[in-house]
Amino acid sequence: MQFPKIMTAALSVALLAGAAAPIYAERYDARFDSYPTYSGSDLELAVDNSGTHFKLWSPKATQARVNIYDNGRGGSPSETIPMSFQPATGVWIASVPGKQMYGKFYTFQIEHNGRWLNETPGVWPKAVGANGMRAAIIDLDSTDPAGWDADRGPEVKNFSDVILYEMHHRDMSMHPSSGIANKGKFLALTEPGTTSPQGLATGIDHLKELGITHVHILPSYDYNSVDETNLPANTYNWGYDPQNYNAPEGSYSTNPSDPATRIREMKQMIKALHDAGIGVVMDVVYNHTAENDGSNFELTAPGYYHRHWDDGRYSDASGCGNETASDRPQMQDFIVNSVKYWADEFHIDGFRFDLMAIHDTETMNRVARELKQIRPDIFVYGEGWTAGDSPLPAERRALKENVSAMEGIAVFSDDLRDAVKGHYSNAADRGFATGKPGQEETVKIGIVAATAHPQVDFSKGSNSKFPYASSPEMIVNYVSCHDDLTLTDKLRKSMPEASDSARMRAARLAQTIVFTSQGTPFMFAGEEIFRDKKGVHNSYCSPDSINAIDWNLKSANAEQYDYYRGLIALRKAHPAFRMTSAADIARHLVFDKIDSSRQPNLISYTLVNHAGGDEWKDIKVIFNGSASRQTVKVPSGNWKVVAIDGRISPTGDLGTIKGGKVTVPGTSALILAR
Ligand code: CA
């Protein structure tokens, strides 16, 4: 999330609540640090042969109880069970001996400062009913699809080998042209053989054909904004409004009222992707909650899980009304145990942390360390920024600039993003690939994955001023994502006089820079067929008519698609683009000296001496972001042409060039190999 996008419902509720009573001051407690903590995996619910056991962490509550229900919503409790307090751990416990209460639902309620708060499913429900208001007691084993025990994601040798494809469930499947039956559902990606009206692959077959290694799915835990009890009227939402962090979102299942179906269908999707050799990264949003006083955190342990300013107001580094407090032990534990749960139970292969810099580096280091104990190749990356000020001191934040202090974590490079296509916040602004001069050094920062390089002057960078990454495995390069304009829309707004065919040419150049750069490349779903969002900048709650990918474009823009496929194949075939250390990059990536005042928008470099163990001895990469052709000197010899004038051949079958003075057509990449 780049900046606030869910200010509407959540914030207005918070403001109303705040106006009614001085509730913040009432809940704020300066003694949080002295709270006892409890991090057992039996928190909130455990079922074993001896019965059903409830355990709620709420150290300041004066009373607590469990309400048992027959249904996920409506009706009154069939039973209300008082809980007893264990001061040493801060937990309230209750047990129903001899009974495994599968099929029942429950909520907790605590008494705080003399009044009973609203019911909550707690912070740890793994299964919930419609709209996530009540937790469900189910046998998790019953949600495993056939063959689940043997399921696992693709092995990742180096994170620079990963190719990320960011997608929203509805974007991928809602359009009538998708040919997919389970539109907008987890099950959409379990359907083989789906095609567009022109007979071209869509859905999971399209992903296989394109060649990406991992899908990065937008938030898929239970979020707040979509009414799961009225699916025909289902509205669209990105899902950056977390409600229950450990249960799948109901609107993506075929039956949100059935807690097991939500889980089973998400696992089916993951298994289908794994069977296709594709990993699954989950977008996680632990940095804030959809609601303030009404959040499960507040109703469970008031004041503890969110940060506040000294006057007791919620602080708001998320721009969404609040921010969570990873620097408090029980919250840190929550985040760590939650991602571990998804990795264990759902076989998730990676986590993308939204507004990661709201969390402290210590928490993020623990996240990476403990996940890698489950599987060393679980990929953790995030947005190394916040959307507002935070009481957490800058030096403790998991900022992009602090990434070298975070072992095994990567951050998005906004350097390359803004320099290549123009600034995200100014639609008309152009970048290196669309003819804006002066961006060369910042693009080079992206090419070397923000690692120290003798030929890159970081002081000339537009965003970061120093080599903040100590390894290319700390950088994710991209030119667009769900936030802001799609690349297509950005090019339409910044090149108003141009034709779409000229814009597609610019898109090819922009993505060629991303996919040949060191670090991990990332792309937004549908850009391979030049999808747009009709110029909508912040489409978080725009209808499907804006957000859904029109698969007719795959045939209309077939050449564009072929280029992207070729680009991905080139990267996968050549480790020179995927080096694993800063030292290797400094040694094997050599820039040509180009006078930018005389030849603006021109970058030329060579990957020398079998970089990364590549079969090709030298690879010459030249980007011409100006509209007119430019000449570059290439050492003499027999060079195979890999990319030229908007065409690409991963095997270098586009002819040969002798070297000497070589002409590079405007707005294109020239890639040569020998
Ligand atoms: Ca929901």
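Where α7 and α8 meet, the contact (heavy atoms within 4.5 Å) brings Gln-332, Asp-333, Ile-335, Val-336, Val-339, Lys-340, Ala-343 and Asp-344 of α7 up against Glu-362, Thr-363, Arg-366, Val-367, Glu-370, Leu-371 and Ile-374 of α8. This is a predicted model, in which local features need pLDDT of at least 70, side-chain atom pairs count only at pLDDT 80 or more, and totals for chains, interfaces and linings use all residues. Residues are numbered from 1 along each chain as its sequence is written, and side-chain values use heavy atoms, with hydrogens and water left out. Helices (H or I, at least four residues) and strands (E, at least two) are DSSP runs, numbered from the N terminus.

The axes of α7 and α8 (residues 361-374) lie 9 Å apart, and the two helices pack at an angle of about 25 degrees; axes here are lines fitted to C-alpha atoms, for helices over the stretch in contact, with angles running from 0 to 180 degrees between N-to-C directions. That makes the α7 and α8 pair roughly parallel, a label for angles under 35 degrees, while over 145 counts as roughly antiparallel, 65 to 115 as roughly perpendicular and the rest as oblique. The crossing of α7 past α8 is right-handed, in that the near helix is turned clockwise from the far one by less than a right angle.

His-347 is not a glycine, yet its phi is positive, at about 60 degrees. With a relative accessibility of 13%, His-347 counts as buried, the cut-off being under 20% relative accessible area, with exposed over 50% and partly exposed in between (1.4 Å probe, protein chains only). Asn-131 also has a positive phi, near 65 degrees, and its place is the loop between β8 (115-116) and β9 (135-136).

The largest nonpolar core has 140 residues, and Tyr-165, Ile-212, Val-215, Phe-351, Phe-353, Leu-607 and Phe-623 have the most contacts inside it. Helix α7 (residues 329-346) gives the most to this core, with nine residues. A second, separate core holds 19 residues, including Leu-56, Val-96, Met-101 and Ile-110. A core in this sense is a set of buried Ala, Val, Leu, Ile, Met, Phe, Trp, Tyr and Cys residues joined through side-chain atoms within 4.5 Å. Leaving aside residues up to four places away in sequence, Phe-353 touches a list of residues that includes Val-284, Ile-335, Val-339, Met-364, Val-367 and Tyr-381.

Next comes the barrel. Eight strands close up in the order β10-β11-β14-β15-β16-β17-β18-β19, with parallel pairing; two strands pair if DSSP finds at least two bridges between them. From one strand to the next, the twist averages 30 degrees. Strands β16 (residues 379-382) and β17 (residues 410-412) are joined in the parallel sense by two bridges, with Ala-410 of β17 as the bridge partner of Tyr-381. Helix α5 (residues 259-275) packs on the sheet and touches β11 (214-217) and β14 (279-284), its direction making about 135 degrees with that of β14.

Elsewhere, four strands form an open sheet with antiparallel pairing, in the order β1-β2-β6-β5. Its edge strands, β1 (44-48) and β5 (84-86), each pair on one side only. Five bridges link β1 to β2 (residues 51-57), and Ala-46 has His-53 as its bridge partner in β2.

Strand β22 (residues 619-624) is mostly covered, with six of its six residues buried. In a regular strand the side chains alternate between the two faces of the sheet. Here both faces are covered, with Ile-619, Val-621 and Phe-623 on one side and Lys-620, Ile-622 and Asn-624 on the other. β22 pairs in the antiparallel sense with β21 (residues 602-607) over six bridges, and it is joined to β28 (residues 668-673), also antiparallel, by six bridges. Ser-604 has Ile-622 of β22 as its bridge partner, while Ile-619 has Ala-673 of β28.

Helix α10 (residues 440-447) is mostly covered as well, with eight of its eight residues buried. These buried residues pack against α9 (414-421), β18 (475-477), α12 (500-516), β20 (589-591), β21 and β22.
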